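Colleague: Could you show me how to read salt bridges in a model like this one? I'd like the general idea, then the cases.

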Amino acid sequence: MTSVVDPDLRLAPDFGPASHLTCRECSATFELGAAYACAECFGPLEVSYRFTDVSRARIEAGPPSLWRYSCLLPVASYAADEPNLHPGLTRLVRADSLARALGMTGTLWVKDESANPTHSFKDRVVAVAQSAARRLGLTTLSCASTGNLAHAVAAAAARGGQRSVVVIPADLEAGKVVATASYGGQLLAVEGTYDDVNRLCSELIGDPLTDDWGFVNVNLRPYYAEGSKTLGYEIAEQLGWRLPSQVVIPVASGALLTKVDKGWRELVELGLVADSPYRVFGAQASGCSPVAQAFDAGADVVRPVRPDTIAKSLAIGNPADGPYALDAVRRTGGAVAAVSDEEIVEGIRLLAETEGIFAETAGGVTVATLRRLIADGRLDPAAETVVCNTGDGLKTLEAVSPAVGPTATIRPQVAEVVAALGRAQSGGTA
Ligand SMILES: Cc1ncc(COP(=O)(O)O)c(C=O)c1O
C-alpha cells in the first residue's frame with residue numbers, strides 16, 4: 001500500500017470500518033488521509049472497507065438519522081455525538097396519485113429529501129465529510145457548489161463551530177444564496193460556471209492559504225461521496241429490507257447515483273437484503289446533459305458541455321462521476337435521459353399537485369424524466385419504482401413563479417370570493 005498522505009495525519013484518524021482508499025481506475029491502494037487522486041494514474045480514489053459487526057438489528061437500534069449506518073461509513077463510532085445537523089431518515093412516500101397520473105400500475109415511491117436540515121440530500125454528504133475533516137485536523141469547511149452544497153456546508157460549519165468558505169457561481173437562485181449567507185461564513189460568488197468554480201477550488205488546494213481547509217467535494221471527496229450511500233440504505237430499510245426494481249436519480253456529478261448503487265451492492269454482499277435485480281436510471285436537464293448524451297451515443301467518455309438550464313443544482317458540465325454513473329446504469333439495464341426546462345416545470349407541478357410535495361428543479365427533472373422514460377418504453381410502469389426528490393421547491397421559486405400564482409387577487413368580501421370561484425352569487429354553496 002502506497003502512502004500519499006502527510007505522515008502527521010496518520011496518527012489521528014479513526015475512520016471506523018474504512019480500511020483504505022482505492023483508485024477507481026487502476027485499483028492501487030492508499031492509506032486513509034486527505035487524498036483524492038491516485039498517485040499512480042490520477043484516477044479518483046474511493047473508500048474501501050473491512051466491515052465487522054453489521055446487522056439489521058444494530059442499524060435499527062441506531063439513532064433516527066444517517067448515523068444509524070455508521071458501521072457502513074468512513075466515520076468513527078462517536079461521529080454522531082459530535083456537533084452536526086443529524087440529517088437523514090427522510091420519508092419514503094407511497095405515491096399512488098402520481099403513479100396514476102403517469103399510467104403506472106406498479107407501486108411508486110418518492111424518496112423525499114426536502115425534509116433534511118437544509119432541505120436537500122447534500123446534508124448527508126456534508127455530515128460524513130465534516131466528520132472526516134475533524135479526523136484529519138482540517139478546521140475550515142469549504143466547497144465548490146451549485147447551491148445546495150453551499151447551504152449544507154455553511155449550516156454544518158455553523159453548527160460545528162467551524163469556519164466556512166463556500167464558493168458558488170454568481171448566478172444561483174436567490175433562495176440558495178441568501179440562505180447560505182445567513183450562517184455567517186465566507187461566501188464567494190464567482191463570475192463563471194460551476195466548472196470554473198470547481199477548477200478554482202482545485203487550484204486553491206495547492207495554496208498555503210488553504211492548508212487547514214477541507215473542501216468537502218474536492219480533497220475530502222472520497223469520504224463526502226460515501227454519505228450518498230445512506231439514501232440507498234434508507235430506501236432498502238424503509239421497504240422492509242429489500243431493494244426496489246427501479247430507481248430514478250438526478251445526476252449532476254453523478255456521485256449520488258453511483259453511491260446508491262454501491263450501497264445496495266454492499267447490502268447484498270453483507271446479506272442484509274436479498275440479491276434481487278434492480279435497474280438504475282439517471283435524470284438530467286437537456287440544457288446540461290453530458291451523461292445522457294454519452295449514454296445515447298453508446299460512449300464511455302463523457303464530453304463536457306456548457307450548462308444552460310433552470311436546473312442550476314444539476315448544472316455540472318464536466319461531471320466527475322459521469323463515467324461511473326454510465327457503468328452503473330448500463331450494468332443494471334437502466335438508462336439516462338434528459339428533459340427540457342418546460343418539462344422540468346411541469347414535473348415540479350405534477351409532483352406538487354398529485355402528492356403535495358414541492359420540489360426544487362432537480363426534483364422536477366427527476367419526475368419529468370420518469371415520465372419520459374415511461375413514454376419511451378425504457379422504464380417498466382408495472383414494476384416497483386422509487387423516484388428521488390432531492391431538494392425543496394422553496395429554494396427555486398423563480399423556476400415556477402412565471403407559471404403559477406394566485407387564482408385571483410380580490411378585496412376581502414365574500415362576494416368577491418364567490419365571483420372569483422366562478423359561481424353565481426345566489427347559487428354558490430360550500
Ligand atoms: C438537489 C440536488 N439533487 C441532485 C444533485 C446531484 O448530485 P450529484 O452531484 O451527486 O450527482 C445535486 C447536486 O448538487 C443537487 O443539488
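Modeller: A salt bridge here is a side-chain nitrogen of Lys or Arg within 4 Å of a carboxyl oxygen of Asp or Glu. Take Glu 343 and Arg 372, which form a salt bridge whose closest N and O atoms are 2.8 Å apart. Glu 343 sits in helix α12 (residues 341–355) and Arg 372 in helix α13 (residues 361–375), so the pair ties together parts 29 residues apart in sequence. Helices (H or I, at least four residues) and strands (E, at least two) are DSSP runs, numbered from the N terminus.

Colleague: What should I keep in mind about the model itself?

Modeller: It is predicted: local features need pLDDT of at least 70, side-chain atom pairs count only at pLDDT 80 or more, and totals for chains, interfaces and linings use all residues. Residues are numbered from 1 along each chain as its sequence is written, and side-chain values use heavy atoms, leaving out hydrogens and water.

Colleague: Is Lys 111 buried or exposed?

Modeller: Buried means under 20% relative accessible area, exposed over 50%, partly exposed in between (1.4 Å probe, protein chains only). Lys 111 is buried at 0%, and Glu 234 is also buried at 0%. These two form a salt bridge, with the closest N and O atoms 2.8 Å apart. Lys 111 belongs to strand β5 (residues 108–112) and Glu 234 to helix α8 (residues 229–238), 123 residues apart.

Colleague: How many salt bridges does a search of the whole structure find?

Modeller: The search finds 32. Some residues are linked in a network of salt bridges, among them Arg 24, Glu 46 and Asp 321.
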